[in-house]
Amino acid sequence: GASARAGARLAERIGGRSPIWDALVAAAGTLDGAAEPRGIIVLTDGRSTGNRIGFADAVDQLKRARIPVFVVSLDKSDRPIPDPGARLEQLAAATGGTCLFVDRPALPAAITRSVSTLRLTATAQPRRNNY
């Protein structure tokens, strides 16, 4: 589907500056008051640079906003990454999301799986009351 095509295109563009924690907090802000399902699917190579917001603060803000983060991380076992995979797993677990480590050919399928999991997670949880 559309998410698989998007994943295939994204797999071609990897590298550069990556303020991932800032981006997650900004994305959470755009979801405030949004209809269900709410969640963030983040594709990453595991690198995190140029952030203004630290990891712990980002996780705390995402937990308070009750926005699950579904991480799809490109497995780059051939090159060391500054932020270990454990941090990505911690982010997903703390927010109620999932974390998948995949190689390039599996990236589109992992994105599709994350979208499906987000939908299932949202329907399984009671709706928030906004009052």
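This is a predicted model: local features need pLDDT of at least 70, side-chain atom pairs count only at pLDDT 80 or more; totals for chains, interfaces and linings use all residues.

Reader: Okay, how many helices and strands does the protein have?

Author: There are five helices and three strands. If you start at the N terminus, the elements come in the order α-α-β-α-β-α-β-α.

Reader: And what percentage of the residues count as buried?

Author: The protein has 131 residues, and 37% of them count as buried. The accessible surface is about 7700 Å², with 51% of that belonging to carbon and sulfur atoms.

Reader: Now the strands. In what order do they sit in the sheet, and is the pairing parallel or antiparallel?

Author: The order is β1-β2-β3 in an open sheet, and the pairing is parallel. At the edges you'll find β1 and β3 (99-102), each of which pairs on one side only. From one strand to the next, the twist averages 15°.

Reader: Which helix packs on the sheet?

Author: That's α4, residues 85-95, and this helix touches β1, β2 and β3. The direction of α4 makes about 160° with that of β2.

Reader: How many bridges are there between β1 and β2?

Author: Five bridges, in the parallel sense, with β2 covering residues 69-74. If you want a spot to look at, find Thr44, which stands opposite Ser73 in β2.

Reader: Switching topic: I clicked on Arg38. Where is Arg38 found?

Author: Arg38 is in the loop between α2 (20-30) and β1 (40-44).

Reader: Why does Arg38 count as buried?

Author: Because its relative accessible area is 6%, and the cut-off for buried is under 20%.

Reader: So which backbone oxygens lie by polar atoms of the Arg38 side chain?

Author: One belongs to Leu31, and this oxygen lies 3.0 Å from a polar atom of the Arg38 side chain. Another is the backbone oxygen of Ala65, at 2.8 Å from a polar atom of that side chain.

Reader: Last one, Gly54. Is Gly54 buried, exposed or partly exposed?

Author: Gly54 has a relative accessible area of 33%, so this residue is partly exposed; that class lies between the 20% and 50% cut-offs. You'll find Gly54 in the loop between β1 and α3 (55-65).

Reader: How far is the C-alpha of Gly54 from that of Pro19?

Author: The two C-alpha atoms are separated by 9.8 Å, while the residues are 35 apart along the chain.

Conventions. Residues are numbered from 1 along each chain as its sequence is written. Side-chain values use heavy atoms; hydrogens and water are left out. Helices (H or I, at least four residues) and strands (E, at least two) are DSSP runs, numbered from the N terminus. Buried means under 20% relative accessible area, exposed over 50%, partly exposed in between (1.4 Å probe, protein chains only). A polar contact is a pair of N or O atoms within 3.5 Å; within protein, one must be able to donate a hydrogen and the other to accept it, and residues adjacent in sequence count only if both atoms are side-chain atoms. Accessible areas come from the Shrake-Rupley method with a 1.4 Å probe; for residues, only the protein chains shown count as cover. Two strands pair if DSSP finds at least two bridges between them. Axes are lines fitted to C-alpha atoms, for helices over the stretch in contact, and angles run from 0 to 180 degrees between N-to-C directions. Contact means heavy atoms within 4.5 Å.
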